[in-house]
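Look at the model first, then read on.

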Amino acid sequence: MIDLSHLKGRSVAVLGLGKSGTAAIRALKAAGVTVAAWDDKVAGRSFAEREGVPVRDFAAEGMAGIDLVMLSPGIPRTHPQPHPAVARALEAGSRLVGDIDLLAEALPEAGFLGVTGTNGKSTTTALLQHVFQAAGIDSEAGGNLGPAALGLRPVGPGGWYVLEVSSYQLETITEVPWSIGVFINITPDHLDRYPDMAGYVAAKTRLLDGIRPGGTAVIGVDDDHSRTVFEKTRARPEIRAIPVSAERAVEGGVFVRDFVLHDATDGLARPVLDLRQAPALPGAHNGQNAACVWAAARAAGVSEEILAAAIRTFPGLAHRQQLVGTIAGIRFVNDSKGTNPDAAAKALGSYDTIYWIAGGRPKEGGLEAVDPYLPRVAQAFLIGEGTPKFAAHLEGRVPYQRSTDLDAAIEAAYRAAKTDGAADAVVLLSPACASFDQFANFEARGEAFAASVKGLQVRVERGEL
């Protein structure tokens, strides 16, 4: 837990009591700071009451007497419109911050490395933390991935915070002095929150805007929006901008060609790592993640030898192309984190013969991102609210079945793969949808997939299938 005693004597309001808000409440209480809270949901307000924190409806009563307002990521600061309590805070002239702001204030000597992008944030953040640990660097990882910022351990002198930051979090952050910012990619997502794609891009680029003079921006350049962001960023003389690509050679950057990572940051491109030696990082998208990690870790002073060895030994993340079982030679891969078509497309591009489980609560926009990889799909198994949308898109292109639930889809996919007899068959859960029609979150969906595969294996071993 982070010591927030520098806020003693001030009155703090916490808006939103999810992961970030609850960690903030505990840290503020431990520091003896005067704190009040609000959450639109009963469960959040009940948490505050159990913690002995006053619950105040700031939207109704205003922010009188409040010096500082900490916004949780789910509380809109601007889009689609300010939360009513935020509007009252602005009227009162209260300072608005995020939990990462408070972390940076509490430990100003620490290094801050932020990771954002539409896809790949969690893998990149976890891989960077794995590299830092291998290098013996005192570091903590969290934010949007893992523990909330204020629930992390204080790092010592020379230590680092490696923080995954979503667009929602970046709306709340005001003054974090990032030493290194990683901007992996950007494709349409969360357009229910933002007025248009430009608004979403602007929220993401707040990370790069906050890089301190002398710092480093690592930017993927494999999509049009990110290339524009890179061109704007490298025009800033006070920071260094490093381009990254999983598709082509880039001058002065880090790139992947024929599965080999190349470093051209010193001018001459050198092969530095064969990514086929990193089994937890399959596919071109993970090549982009690894290239971003290479550039950021080198900027942080990690040696090439330690960095290459750490990438090879990275164990991967749950729910992100996680192999959860092999039955009769058929691999079962849990990519429940593939919650939008672009993320699912990256998983589809990683395997050759796929029995694809897709569906859930669909997001805004179309499914065109998966189209280049549909020839790899032997059959699709559709679940949840997204079934009609997926069926219409796949009609005449890919054979599909409508499945009643995830268990039924897994069994049907196994039967189809076994019947077809392909040597490299993969049953892939990469839903391209949110989970909320059937599960509490993508983690619960992935855990259900893994449990169902384990149950299927038992039935196969008993000769029931």
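## Two packed helices

In this predicted model, α10 and α11 are roughly antiparallel to each other, because their axes cross at roughly 150 degrees and angles over 145 count as roughly antiparallel. Helix α10 covers residues 283–299 and helix α11 covers residues 304–313; their axes come within 11 Å. The crossing of α10 past α11 is right-handed.

On the α10 side the contact is made by A290, V293, W294, A297 and R298, which meet E304, L307, A308 and I311 in α11. The residues of this contact divide into 7 nonpolar, no polar and 2 charged.

Strands of a sheet pair through backbone hydrogen bonds, either parallel or antiparallel. Here, 6 strands form an open sheet with mixed pairing, in the order β14-β15-β19-β16-β17-β18. At the edges stand β14 (322–327) and β18 (400–402); each has a single partner strand, so one side of each is left without a neighbour in the sheet. On average, neighbouring strands of this sheet are turned by 20 degrees against each other, direction ignored.

The pairing of β14 with β15 (residues 330–334) is antiparallel and runs over 5 bridges. T326 stands opposite R331 in β15.

## Helices on the sheet

Helix α13 (residues 387–394) packs on the sheet and touches β16 (353–359), β17 (377–383) and β18. Its direction makes about 155 degrees with that of β17.

Helix α14 (residues 406–420) lies across β14, β15, β16, β17, β18 and β19 (425–429). Helix α14 runs at about 165 degrees to β17.

Key:
Residues numbered from 1 in each chain as written. Predicted model: local features only at pLDDT ≥ 70, side-chain atom pairs only at ≥ 80, totals over all residues. Heavy atoms only, no water. Pairing = 2+ DSSP bridges. Helix = DSSP H or I, 4+ residues; strand = E, 2+ residues; numbered from the N terminus. Axes fitted to C-alpha atoms, helices over the stretch in contact; angles between N-to-C directions. Contact = heavy atoms within 4.5 Å. Parallel < 35°, antiparallel > 145°, perpendicular 65-115°, else oblique. Left-handed = near helix turned anticlockwise from the far one by under 90°. Nonpolar A, V, L, I, M, F, W, Y, C, P; charged D, E, K, R; others polar.
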